[in-house]
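Here is a short briefing on one protein model. Keep the sequence and the 3D view open as you read.

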Amino acid sequence: DTILVRPGHYVGTLDLQGKSITITSLFNSEIEEETWGAIDRTVLDGDCMGPVVEFDEGEGPDCVLAGFTLTGGCARSGGAIILDNSGPTIRNCLVVGNRATRYGGAVDAYRSDAVFINCTFSGNSARFGGGIDSGSLGTRSNCMLWGNEATVEGAQVRPATGIPMTVTYSNVQDEDPDDGIVYPGTGNIDDDPLFVNASGPDGVFGTEDDDIRLQADSPCVNAG
């Protein structure tokens with residue numbers, strides 16, 4: 001089954017409850033006027049009521065979330081997305097302006113094997129893993145993790161010791177982009193992605209008015 005969501009600002013939280021279902025914005029629609037900007041204009045806002053989306057009942061790869069902005073999530077773990085005993089597919093999502101008091105400002109993954117493709121994580125915060133805190137397997141491909149914050153450890157990614165998390169063809173910020181060291185994985189870089197206006201008109205990084213489209217000369221354009 002597939003649910004198509006038209007552009008709008010939807011407030012609340014979403015629990016997939018183990019379903020095999022595709023929930024997608026019109027970002028890949030054949031209707032041209034609906035396609036343009038659909039990810040920016042189709043917003044799931046947690047309004048600090050918990051994680052924006054929960055996958056914790058055995059969801060598999062045929063449970064798909066695609067083409068949304070996820071923002072306003074507040075939780076102990078997994079501000080935007082909480083993964084527990086699940087392995088969904090999440091693609092073409094913008095995850096911005098979420099926070100956790102402990103683990104995973106954007107994503108907290110535990111006993112999960114989720115796949116993230118073409119997702120951007122920016123302006124999220126937590127004590128551990130400002131972007132992603134992962135205690136499990138999983139794959140992140142063609143993703144950007146930039147401008148997230150952790151007060152203790154792992155501003156962009158904090159993987160668990162001894163549990164490999166595959167990150168490939170992604171742009172992962174580190175403390176020194178000139179040190180020649182990038183996040184382990186094929187095709188990864190750590191160059192400034194050159195967002196159009198990362199902090200938006202309000203000057204606050206990680207809020208909905210941030211314009212994190214890429215400039216024409218971004219190192220991430222046509223890369224990966």
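T89 stands opposite V115 in strand β15. This is a predicted model, in which local features need pLDDT of at least 70 and side-chain atom pairs count only at pLDDT 80 or more, while totals for chains, interfaces and linings use all residues. Residues are numbered from 1 along each chain as its sequence is written, and side-chain values use heavy atoms, with hydrogens and water left out.

- Strands here are DSSP runs of E with at least two residues, numbered from the N terminus.
- Two strands pair if DSSP finds at least two bridges between them.
- Both strands belong to an open sheet of seven, in the order β1-β4-β7-β11-β15-β19-β23.
- The pairing in this sheet is parallel.
- Its edge strands are β1 (2-5) and β23 (166-168), and each pairs on one side only.
- From one strand to the next, the twist averages 10°.
- For such angles, axes are lines fitted to C-alpha atoms, and the angles run from 0 to 180 degrees between N-to-C directions.

**The four-strand sheet**

- Another open sheet has four strands, in the order β9-β13-β17-β21, and its pairing is parallel.
- Strand β9 pairs with β13 (residues 99-103) in the parallel sense over three bridges.
- In that pairing, A75 stands opposite A100 of β13.
- Strand β13 also runs parallel to β17, and two bridges join them.
- R99 has S125 in β17 as its bridge partner.
- Strand β17 (residues 125-128) pairs in turn with β21, in the parallel sense, over three bridges.
- There, S125 has E149 in β21 as its bridge partner.
- In a regular strand, side chains alternate between the two faces of the sheet.

**Cysteines**

- How many disulfides does the structure hold? It holds one.
- A disulfide is a covalent bond between the sulfur atoms of two cysteines.
- Here a pair counts when the two cysteine sulfur atoms are within 2.5 Å.
- C48 and C74 form the disulfide, with their sulfur atoms 1.9 Å apart.
- C48 lies in the loop between β5 (42-45) and β6 (53-55) and C74 in strand β9, so the bond ties together parts that are 26 residues apart in sequence.
- The torsion about the S-S bond of C48 and C74 is about -45°, so the disulfide is left-handed.
- Is C74 buried or exposed? C74 counts as buried because its relative accessibility is 14%.
- Buried means under 20% relative accessible area, exposed means over 50%, and partly exposed is in between (1.4 Å probe, protein chains only).
- C48 counts as partly exposed, at 42% relative accessibility.
- C63 is in no disulfide, and the nearest cysteine sulfur, that of C93, is 12 Å away.
- C63 is buried, with a relative accessible area of 0%.
- C220 is in no disulfide either, and the nearest cysteine sulfur, that of C143, is 11 Å away.
- C220 is buried, with a relative accessible area of 18%.

- Most residues other than glycine have a negative phi.
- D47 has a phi near 50°, a positive value in a residue other than glycine.
- D47 is found in the loop between β5 and β6.
- With a relative accessible area of 48%, D47 is partly exposed.
- The C-alpha atoms of D47 and G12 are separated by 6.5 Å, although the two residues are 35 residues apart along the chain.
- N85 also has a positive phi, near 55°.
- N85 lies in the loop between β10 (81-84) and β11.
- With a relative accessible area of 46%, N85 is partly exposed.
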